[in-house]
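The structure goes in here, and my entries follow.

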Amino acid sequence: MEGIVANVLRCVFFYLLQVLFLKRLSTGFEGYLYWNVLFYPLFILLLPFRTPRSLLLLIAFAFGLLIDVAYDSPGVHASALVFTAYMRDVIIKLDWMVPRDGYKITSTPTIKDLGLPWFLRYLSILLACHIVFYFTMEVFVPAQILEILQKSFFTYILSMVFILIYMLIFRPSQ
Amino acid sequence: MSNLLQAFSKLSGFALFLLLEVICFALIIRFNSYHQQVALSSANKYMGNLSETADEFEDYLHLNEEVERLRAEVARLRTQEGNAMYRDLDTAYASFDTIAQHFIYIDADVVSKTFLGRRNYITLNRGKKHGVEPHMGVVDDQGIVGVVRSASNYHSRVMTIFHPDARISAKLKGTGLFGSLTWDPDEQDYFHMILQDIPTHHTPSKGDTVLTSGYSILFPPDVMIGKIDDVKKESGASSHFIKVKLANDLRAIRYAYAIKNLMKNDLSELEEE
């Protein structure tokens, strides 16, 4: 129960952070926009392991749509977030991601539970999935692969920095 | 709502993932004007490509028909050429038709051919019903082919120029000189023919063009035959021995045109007298 409350609060906080603050960061400059901070995927990443897979996908879909409402881009963020949620299950079951003694039922994918190296691998892979998928959907023309990769690259670095700062300062435990 | 959630939870993870992505995709295309444009224009592009490919394929299916149609067109156009006409420019007889049709081209498919021995024949899929008769000349688009020997209702047999009996009246372009063109059956050379009876006072050179003379009833004048490949002057002989490289390759022939001479009877009446 405590976990649910924490996650709902986190959801609200991340949403406001993304929509009120980070969105403005990336729209405040003139010219072509290469960078963008996508912080909200962390919400999906931090949901506990015991979350059922379909619930995870539905939460990702709903949360993505809420982000889309603010970004005025129906479906773009949602599709990326659903993809990330799906990939989360795939990634944590990979042989080299599973800890030696397996995941505990009650554990959450955080630095505290599984250590910094594990979390870094987890975060870097999933964030890359999310951002590349997001920009593929945003640009929407596969032939403009260069633009997709450029945008993804800058956004990836910035988002990584923001998320790691958050994780190291707040050290969420559930 | 809980029913809906239950229904969703029964789906396997991947199916649900696909379903949600499809919904997202629909939303993206439906509600984002940029994405809508991209989707529409690429759909147009791919549909355009697809229908172009289908069109090409269909063209290919109709290739035979098209070739037949074009051949008929070629026959019609060659019939209108100057050398297929009888011209009388003498104004004293201006009361008669000064231009009359002299030759008609009948297009035909080559249905069988053999180039093996001394006597080479081909068969055309045109016969009496189409106006083909014995003693008509046959040409293809590049050169001459032979002479019709016999015709049934729907087919005709053509003695090719590669036959010991073939004698084609030919002339050297740009001169008034003419001779007869024959094939040496002993050499089995399907690229060359021998031009005889060109008098020695004129020395033709390699590369000169050889055309039909128009003195026979078989071919109209000025139909391409080939180019001179080699000229030999035998001592004591009164004519050159000229090797002519043919313009066409008869062994690769697929289509031909039989030439009907409309003034044949006119001429033969004259000869009988």
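Is B:Ser156 buried or exposed? I looked it up and found B:Ser156 buried, at a relative accessible area of 2%, where buried means under 20%, exposed over 50% and partly exposed in between (1.4 Å probe, protein chains only).

I note for the record that this is a predicted model, in which local features need pLDDT of at least 70 and side-chain atom pairs count only at pLDDT 80 or more, while totals for chains, interfaces and linings use all residues. Residues are numbered from 1 along each chain as its sequence is written, chains are lettered from A and ligands numbered from 1 in the order in which they are written, and side-chain values use heavy atoms, with hydrogens and water left out.

**Around B:Ser156.** I placed B:Ser156 in strand E7 (residues 156-160) of chain B; strands (E, at least two residues) and helices (H or I, at least four) are DSSP runs numbered from the N terminus. A polar atom of the B:Ser156 side chain lies 2.8 Å from the backbone oxygen of B:Arg126. Leaving aside residues up to four places away in sequence, I listed what B:Ser156 touches (contact being heavy atoms within 4.5 Å), including B:Ile122, B:Leu124, B:Arg126 and B:Val148.

**Salt bridges.** I then followed B:Arg126, which forms a salt bridge with B:Asp107, the closest N and O atoms being 3.5 Å apart; the term means a side-chain nitrogen of Lys or Arg within 4 Å of a carboxyl oxygen of Asp or Glu. This pair links distant parts of the chain, with B:Asp107 in strand E3 (residues 103-113) and B:Arg126 in the loop between strands E4 (121-124) and E5 (137-139) of chain B, 19 residues apart. B:Arg126 is buried at 14% relative accessible area, and B:Asp107 also counts as buried at 12%. Both belong to a network of salt bridges that includes B:Arg71 and B:Asp109.

I also checked B:Lys171, whose salt bridge with B:Asp222 has its closest N and O atoms 2.9 Å apart. B:Lys171 counts as buried at 19% relative accessibility, whereas B:Asp222 is partly exposed at 42%.

Note on methods. A polar contact is a pair of N or O atoms within 3.5 Å; within protein, one must be able to donate a hydrogen and the other to accept it, and residues adjacent in sequence count only if both atoms are side-chain atoms.
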